[in-house]
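Here's a quick briefing on the model you have open. Have a look at it first, then work through the points by topic.

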Amino acid sequence: MTAESPIIQVDGLVKRFAAFTAVDRLSFSVNRGEIFGLVGPDGAGKTATMRMLAGVMRPDGGAIVIDGVDAVADPEGIKPHVSYMPQRFGLYEDLTVDENIRFYADLFEVPPALRRERASRLLAASGMSNFGKFRAGQLSGGMKQKLGVACALVHTPKILLLDEPTTGVDPVSRRDFWRILYGLREDGVTIVISTAYLDEAERCNRLTLLHSGRALYCDTPTELKKRMPGALIAISSMDGRAVRSAITGKPGVSQVLLVGDGVHAVVDNSDLRIPQLREAIGLAGVQVSGIAVAVPSIEDVFVALLETGQAQ
Amino acid sequence: MRFRRLRAIALKELLQIWRDPRSLMIALLMPFTQMFLLGYGVTLDLKHIPVCTFDREASQNSQSLLKHFEASSYFAIARNVRTYPELISAIDRSDCKIAIVVPPDFSERLNDTGTSSVQAILDATDDNTANIAYGYAVAIVSGYSNDVALDALGRQGGELQQIQPVAVQSRVWFNEDLDSRNFIIPGLVAVIMALVGAQLTSLTISREWERGTMELLVSTPVTPSEVMVGKLAPYLALGWIDASFCLIIATLWFGVPFRGTLFTLFATTTLFLTVVLGIGYLLSVLIRSQIGASQVALLLTMLPTTLLSGYVFPIDQMPTIIQDITYLVYSRYYVTIIKAIFLKGAGIAALAVPILFLLVYAAAVMTLAARAFRKRLD
Ligand SMILES: Nc1ncnc2c1ncn2[C@@H]1O[C@H](COP(=O)(O)OP(=O)(O)O)[C@@H](O)[C@H]1O
Ligand SMILES: [Mg+2]
């Protein structure tokens, strides 16, 4: 096996809950040392997929190969090399920060000297050096996440599985959290992270867009944006609502979204449609400060892909 | 099984027990509350049971019988009623737990045939009190019965008759004399061990599910048998502490003789604890809610232990089919063992048979429990 071969290979993964299919023939691969995103709205099947990757849930079909081990047939075989952080905080709230770290270090049989050195380094890295004697239940949401990561890293896993780690975490903590992830990537850890925040998708090396258990798309954020059907036009205006009603339903306009400083519209052809839109807005008597082609965000692409039903 | 992981689980569990003062208190106070409640209960709880009397004869004889009830500290006469409806409403309103009805022909039959009977009507909503009240009533009637016999003896100048003038049928098992206490208290140790064991371990796995810590636990390399042994170890230690408390209370407070060796006591107690801890753990694995698991644990351990182990109700007085069923009740063997250790000073060799049965039980429960736990969420 070469260093280039994917460390995780998922093929036709299926998970059903009774008659409901939560994950539907999902395939993707994760390269060594990258941050891979599972991106999709609530109920897309992110958690179900993560659980199957972590070997805590049995798939109803498909294959998962992690670092050359068949994870479906031998889930215990992958566990020493994988760290999983569930969506719901899974540490013991009645144990202290130190006790939690020690517990996970022991379960992965980390030698005590190594554990002490790593624990103090990990806690220092997340600014929690003084919190060792605090009960986990007393920590804030952001700190709980960092403790979760510290516990997950105390045995230096090859693969880190993070299920929606930033859901409900404030923006500053989110940024800190991503900084930690970049640091880990430097150290060669492969990270699979799931998120419902589409802006976080841009931070991943590669990602798969999930919707209703299916992959809409799987590639780098840049490539993904090239998949945008048509073009995105940003119209800056103080009165976004008026702009929206002026252009909605005009020929070639497939979608109109209110954004912070105006409106984003998806059109089939920007050269043709920009003058037409300018005219329509002028007729409606709305003041705009600019109309230009914009770089779509993952969110724009995701919505546009859903709209056109362009599933891969 | 890896010692590091096993120890990690055991330490974690110990910390959680230690930091949950409520369950720790229950576990450590159990020997005291149960020993005193059940060891003393009969006299403490059940004095001055309210009784209604319905004297349909109103003769000297009937009044003298009812005087015995009045004089007894077990009963307090709540009311003297004159009609059945009055009596029924008194029971319905819980004015009394028991009613004594003296029939209109009480003296007549006593004179004619030398025997007679009274009727006891019991409020069965509280089985336990009703049973005990009935037992007391029988004891009092039999006391009266002796008086009548002595009376007759005095009048007739004859020999003491073997027949009892007023019928007594029930054995007075709650008898407060020292012998019965010696008999009951060692068996109580079994009840307490069963309670502590199954109750506490029934929470350990379901707690992980309810608090959301299971998902992370099963994603680690820990094995099911490490989880089981690691989780049971602290409770075994707690069981030993409780067993020591029981021993101290039984011998120093209740004055029950302890003729065996500590080694035999702790070795057999460990075996019994293994069974009940294992049952609690198994239930905890199968039933993912703490309340559900502890309820079923209570049902499966306490009920057979109190009713079918022979700790207070002698097995040889049960119907044959029930006697056969008691062979399945693991507590039965431990009750036999512990009574023999306390009262006869029996050693391991003398107890080989019940120990063997417990061993088989322990092995079966442990095997089932180790296999029941799956490192899966679905
Ligand atoms: N244990 C379960 N039983 C039944 N349905 C489930 C179960 N777990 C998840 N689901 C369903 O599967 C779908 C995907 O769930 P999930 O993987 O949690 O989505 P996400 O993490 O992307 O929000 C949802 O519609 C959810 O309701
Ligand atoms: Mg989820």
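This is a predicted model: local features need pLDDT of at least 70, side-chain atom pairs count only at pLDDT 80 or more; totals for chains, interfaces and linings use all residues.

Residues are numbered from 1 along each chain as its sequence is written, chains are lettered from A and ligands numbered from 1 in the order in which they are written, and side-chain values use heavy atoms, with hydrogens and water left out.

**Chain A overall**

- Chain A has 312 residues, and 53% of them are buried (buried means under 20% relative accessible area, exposed over 50% and partly exposed in between, with a 1.4 Å probe and protein chains only).
- You'll find eleven helices and 14 strands in chain A; helices (H or I, at least four residues) and strands (E, at least two) are DSSP runs, numbered from the N terminus.
- The C-alpha trace of chain A spans about 75 × 45 × 40 Å along its principal axes.
- Take the contacts in chain A with a separation of 6 or more: 69% of them are between residues 24 or more positions apart (contact means heavy atoms within 4.5 Å).

**Domains**

- Chain A splits into domain 1 (8-221) and domain 2 (231-295), with bounds that come from an automatic or database domain assignment.
- The C-alpha centres of those two domains of chain A are 40 Å apart.
- In chain B, domain 1 is made of two stretches (3-43 + 179-372), and domain 2 covers 49-162.
- The C-alpha centres of domain 1 and domain 2 of chain B are separated by 43 Å.

**Helix α1 of chain A**

- Helix α1 of chain A (residues 46-54) is largely enclosed by the rest of the structure, because eight of its nine residues are buried.
- The buried residues in α1(A) are A:K46, A:T47, A:A48, A:T49, A:M50, A:M52, A:L53 and A:A54.
- After α1(A) comes A:G55, with a positive phi near 75°.

**Where chain B meets chain A**

- On the chain B side 29 residues are in contact, against 33 residues of chain A.
- The size of an interface is often given as the accessible area lost when the parts come together.
- Here the area buried between chain B and chain A is about 2900 Å², and carbon and sulfur atoms give 53% of that (buried area is the accessible area, 1.4 Å probe, that two parts lose on being put together, summed over both).
- Eight salt bridges run between chain B and chain A, a salt bridge being a side-chain nitrogen of Lys or Arg within 4 Å of a carboxyl oxygen of Asp or Glu.
- One of the salt bridges pairs B:E215 with A:R51, at 2.7 Å from N to O.
- Which elements supply the side of chain B that touches chain A? Helices α1 (3-18), α7 (178-211) and α8 (214-218) of chain B each give at least two residues.
- α1(B) provides the largest share of that side, nine residues.
- By type, the residues on that side of chain B are eleven nonpolar, five polar and 13 charged (Ala, Val, Leu, Ile, Met, Phe, Trp, Tyr, Cys and Pro count as nonpolar, Asp, Glu, Lys and Arg as charged, and the others, Gly among them, as polar).

**The B:R19 and A:E99 pair**

- Over all chains, the salt bridge count is 34.
- B:R19 and A:E99 form a salt bridge through their side chains, with N to O at 2.7 Å.
- The pair joins two chains, because B:R19 lies in the loop between α1 and α2 (21-45) of chain B and A:E99 in helix α3 (residues 97-107) of chain A.
- B:R19 is partly exposed, at a relative accessible area of 24%.

- B:E13 pairs with B:K231 in a salt bridge whose closest N and O atoms are 2.9 Å apart.
- That pair links distant parts of the chain, with B:E13 in helix α1 and B:K231 in helix α9 (residues 224-253) of chain B, 218 residues apart.
- B:E13 also forms a salt bridge with B:K12, where the closest N and O atoms are 3.4 Å apart.
- Are these residues buried or exposed? B:E13 is buried at 0% relative accessibility, B:K12 is buried at 2%, and B:K231 is buried at 0%.
- A network of salt bridges links B:K12, B:E13, B:R207, B:E208 and B:K231.
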